[in-house]
Number of protein chains: 4
Amino acid sequence: MTSKPDSTPFAALLARCAPEWKAYCQHAFVRGLADGTLPAGAFRHYLRQDYLFLVHFARAWGLAVYKSRNLAELRQGLDSLKAIVDLEMGLHVDYCALWGIAQAELETLPEARETMAYTRYVLDAGHRGDLLDLHVALAPCLVGYADIARWIEAQPFTVRGSANPYEAWIAMYASEAFQAAAQAERDWLNARLAGQTQERLDGLAATFRDATRLEIDFWQMGLDGA
Amino acid sequence: MTSKPDSTPFAALLARCAPEWKAYCQHAFVRGLADGTLPAGAFRHYLRQDYLFLVHFARAWGLAVYKSRNLAELRQGLDSLKAIVDLEMGLHVDYCALWGIAQAELETLPEARETMAYTRYVLDAGHRGDLLDLHVALAPCLVGYADIARWIEAQPFTVRGSANPYEAWIAMYASEAFQAAAQAERDWLNARLAGQTQERLDGLAATFRDATRLEIDFWQMGLDGA
Amino acid sequence: MTSKPDSTPFAALLARCAPEWKAYCQHAFVRGLADGTLPAGAFRHYLRQDYLFLVHFARAWGLAVYKSRNLAELRQGLDSLKAIVDLEMGLHVDYCALWGIAQAELETLPEARETMAYTRYVLDAGHRGDLLDLHVALAPCLVGYADIARWIEAQPFTVRGSANPYEAWIAMYASEAFQAAAQAERDWLNARLAGQTQERLDGLAATFRDATRLEIDFWQMGLDGA
Amino acid sequence: MTSKPDSTPFAALLARCAPEWKAYCQHAFVRGLADGTLPAGAFRHYLRQDYLFLVHFARAWGLAVYKSRNLAELRQGLDSLKAIVDLEMGLHVDYCALWGIAQAELETLPEARETMAYTRYVLDAGHRGDLLDLHVALAPCLVGYADIARWIEAQPFTVRGSANPYEAWIAMYASEAFQAAAQAERDWLNARLAGQTQERLDGLAATFRDATRLEIDFWQMGLDGA
C-alpha cells in the first residue's frame, strides 16, 4: 500500500488494518481527485463538511492538551491546535470561497451524520483512553491524507497542474510541510507504540480500524452528496 | 404527535424538533413493528446493534454518575445503570436467542456506523456539557421508545398478540414500568429545563434534534440491513 | 511492609513508593486506631470527611464505568459503585450516628481541603489517563485500607474487642469480605501491570505515590481536626 | 472590597463569597508583596509551585477548547492557552532565574499538596460541568490576581519601585494588558451569568467559593514554605 514496507510498530498497526486502509486511501473519491473527474458537487459537499470536521478536530487537540503529562506533550497539542485554528481554518474558508461557498454558509450548515460519527468517535476514544488512544484515533486523518497525496502522485492516471480542478488540494497535502507533519506524527506514534503489550496493541488496532472506516464513510458522503 | 399537547418545558423542546420527532416516532421501521410486516432480517440487524448500543448507553450512565452534583443525581444514574446492566442486557440476550442470535455472536459483532454515530454523539454531548446536556442527548432513546410504544398502541393498523411477531417488543415498551421510567425522565427534564435562558434552550434543542436524527438513522440501519 | 514480599508487578509498584506507603499505613492516626488512643474528635472529623470522600469515590467508579472497554470492566465498575452507594454509604451513615453525627450534618458539611485534594486528584488521573491510571489512583484507598487492617492486627500494641472504641472500624476492614475485595483489585492490577513499558510504569508509580501522599494528608487532617 | 460596587451578575457572585474573597485578596502573603516584607524563601516556594500550577492551568484551557460550542469559544480558549504556554511560561522561567531558581529545578520539583488541590479541583469542576463551570473555577486566578494588584496599588503601606523586591510581580499584574484580560473575563462571565436560574447560580457560587479557598491555601503554602 501507500506506506513504505517497514518494520515500525505503526507499520505493523497499519498492516493489521490493510483492507480498510486501502479502501480509504484509494477510495473512488480519491481517484476522482487524482484524475480530476470528481463531480464538483461532491467536492463542495466534502468541503462544507470538512469545515465542521475541523472545528471538532480542534476540540480533539484541545483534549490532547488536557491529556498531556508533560510540557513536550502540551506543546505538541498546542502546535496542532494553532495549525488548525490559526492557519488551516482560514485557508479552508478562502478555498471554500474559490468554490463558491460563502463563510456565512459554513457557519450555519447542518452537520452530516458521517461528520458526527467520525468526530465524536475520535473524541470518545480520547476520553475513554489516554493520549495514545486519542492520537491513534486521529492518525487516519493526519497520516492518511499524507499517504493519500503520495498515492495520488504515484498513479499513472493522475492529472496535475491547471488541467485538474483539484490541483490545489493535492498540492497542499503533497507539500513538504504537510508530509513532514505527518512523518512527525508517525515518529511520535512509533515511539509510543514500541514495547506495548499485545492486548494494548489489539485495542489500538481496533480504534485505528474503526476510525479508518469512518474516514471511508466521509469520502462516501462526499460522493453521495453530489 | 405522540406526546400530549402540554405546556411543559420539555414539550416546548419537543415542539421545536417536531418534524424530526415525527420522522423518528413514525418511521417505517416502527410501522413495520406495529403491523408485523417488518422483515425479520431488519429486526435481527436492529437487535444485534441494539446490544452494542446498550453497552455504550451504560457507559453514558456511568458518565452521568460521574457528573452528579449530589446524592440524588448519583442514585438516579446508578439506578439507570443497574436497570441496563443487571436487567435489560440479560433480557436482550434472552430475546436475541429467541430470534436465533447467539450471545457469542453479540459479543464479537462489528459495530455499525449508525451505532457509533449515535452513541458517541451522546457521550460527547455529555462530556462537553453538564448533566442536563447528557440527559437531553439520552432523552430521544428513553422518552422516544415510550412515545413510540404509545403511538403504536393508538394506530388502527397495529396488530397485537401472537399474530404479531413483534408483540413482545411492543409490550415491553408499552409496559407500565417502562412508561413510568420515561415519565420520571420527563419530570426530571421539566424541573431542570424550567427557567433556563433562551441561549441554553437553543443549545439543548440542537442536541435533542441531532440525537433524534441519529435515532432515525438507527431505524433506517435496521431496514437497510435486511 | 504490610504487603507480603512477592514478585508481582503491583508489589514492584508498591516497593517504588515504600516510604510513602509506610508513612500512610503506619500513620499516627492508624496507630491511634490500633491501640484505641485516637482522640474521639479526630475520629469524628475523619468520619465526616470520609462521607464526602465516598461521594466522590462513587463518582470515580462512575467514571470507571464510562472508561470500560468491555462488559467485564463495565460490571466491575458497576459492582464497586453498588458496593459504595447501596451498601457502604448506608453503613457509614449508621456508623456516624453511633458517633453522634447526624445525617443532616453530613449532607451540609463543608468539604475539607484534604478531601478535595485527594478526590479531585483521583478524578483527574482517571480523566487524563485510561482505566488503569484510574485504578492505580484509587488503589491506595482500597488496597491500603486492607493492608492497614492487617498491619493493625499484627501489632503487639493493638487492642481488640470492646476495650477499643475503634473495634468496629478495624473489624470492617479486616473482614474477609473487604480483604477479598482488596485482593481482587490486586489481582486485576497485576494482570494489567504485567508487561507494561518502563515509561508507563514510571507514570503509574508517580500517580500511586501522589495518591498515597494525599491519603497521608487525609489521616493528618483527622488528627489536626481534633 | 477590591471590586467596585456594581450590579453585574459576577459582582453578585463575588458578593456571595465576600469573606473568602477578602481573605484571598488581602492575605498576609499579598500584604508582604505590597510592602516588600515577604520573606524571599516564601516567594521562592510560591514561584516554584506557580510553575507547576501553570502547567495544569494550560491543561484547563485545553479542556476549555474541547468544551467549546462555537468558534468564538474555541478561539478564546486557544488565546488563553497561547498566552500561558507561549508567553507566561517563558516569562516565569526567566523570572525564576532572577530569583535563583534554575529551569532544571522547575522541571523536576515535587508538586505541593496545595498545588494539586487547586489545579485538580478546577479540572474536575470543568469536567463535571460545562464551559461556564470551568470558567468560574478559573476566575479566582485570573480575575483575582487583577483585583489583588489593584488592591496593592491602593494601599498606603505599599512600596513601589526598586525599593520593593516584588515590584516586577506587582507591575505585571497591575499592567494594562493583564487588567484588560481580567476585564474581558469579567465581561464574558457577566454575559453568561445573566438570566441563570437560582439553582445554577448557587452551584456556581459554591464552585467559586471553593476555588477561592484553594487560592488562599496556595498563598498560605508560600508563607509556610519559607
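Rings of Phe, Tyr and Trp, the last by its six-membered ring, are taken to pair if their centres lie within 6.5 Å; planes under 30 degrees apart count as stacked, over 60 as edge-to-face and the rest as tilted. With that definition, a search of the whole structure returns 96 aromatic pairs over all chains.

Before I discuss examples, a word on the model. It is predicted, so local features need pLDDT of at least 70 and side-chain atom pairs count only at pLDDT 80 or more, while totals for chains, interfaces and linings use all residues. Residues are numbered from 1 along each chain as its sequence is written, chains are lettered from A and ligands numbered from 1 in the order in which they are written, and side-chain values use heavy atoms, with hydrogens and water left out.

Let me begin with A:Phe29 and A:Tyr46. Their rings form a tilted pair, 5.2 Å centre to centre with 55° between the planes. A:Phe29 belongs to helix H3 (residues 28–35) of chain A and A:Tyr46 to helix H4 (residues 40–67) of chain A, so the pair ties together parts that are 17 residues apart in sequence. Helices here are DSSP runs (H or I, at least four residues), strands likewise (E, at least two), numbered from the N terminus. A:Phe29 is buried, at a relative accessible area of 0%, and A:Tyr46 is buried, at 0%. Buried means under 20% relative accessible area, exposed over 50%, and partly exposed in between, with a 1.4 Å probe and protein chains only.

A second pair joins A:Phe53 and A:Tyr118, and this one is stacked: 5.3 Å centre to centre, 25° between the planes. Since A:Phe53 lies in helix H4 of chain A and A:Tyr118 in helix H7 (residues 113–128) of chain A, the pair ties together parts that are 65 residues apart in sequence. A:Phe53 counts as buried at 6% relative accessibility, and A:Tyr118 counts as buried at 1%.

What, then, of the loop between helix H6 (103–108) and H7 of chain A? A:Pro110 lies there, and at 60% relative accessibility A:Pro110 counts as exposed. Leaving aside neighbours within four places in sequence, A:Pro110 is in contact (heavy atoms within 4.5 Å) with A:Gln49 and A:Leu52. The C-alpha atoms of A:Pro110 and A:Leu52 are separated by 9.0 Å, although the two residues are 58 apart along the chain.

I turn to chain D. Which residues of helix H1 (residues 9–16) of chain D are buried? They are D:Phe10, D:Ala11, D:Leu13 and D:Leu14. Seen down the axis of H1(D), these buried residues fall within an arc of 155°, so they line one face of the helix; the arc is that of the directions from the helix axis to the C-beta atoms. Their cover includes helix H2 (18–25), helix H8 (131–154), helix H10 (176–193) and helix H11 (198–224) of chain D.

Finally, the relation between copies. Superposition is by least squares on the C-alpha atoms of residues with pLDDT of at least 70 in both. Chain B superposes on chain A by a rotation of 180° with 0.0 Å of shift along its axis (RMSD 0.0 Å); the two copies are thus related as by a two-fold rotation axis. B:Ala117 is the residue of chain B that comes closest to the rotation axis, at 1.9 Å (C-alpha). The same surface serves both copies, as 100% of the contact residues of chain B recur in chain A.
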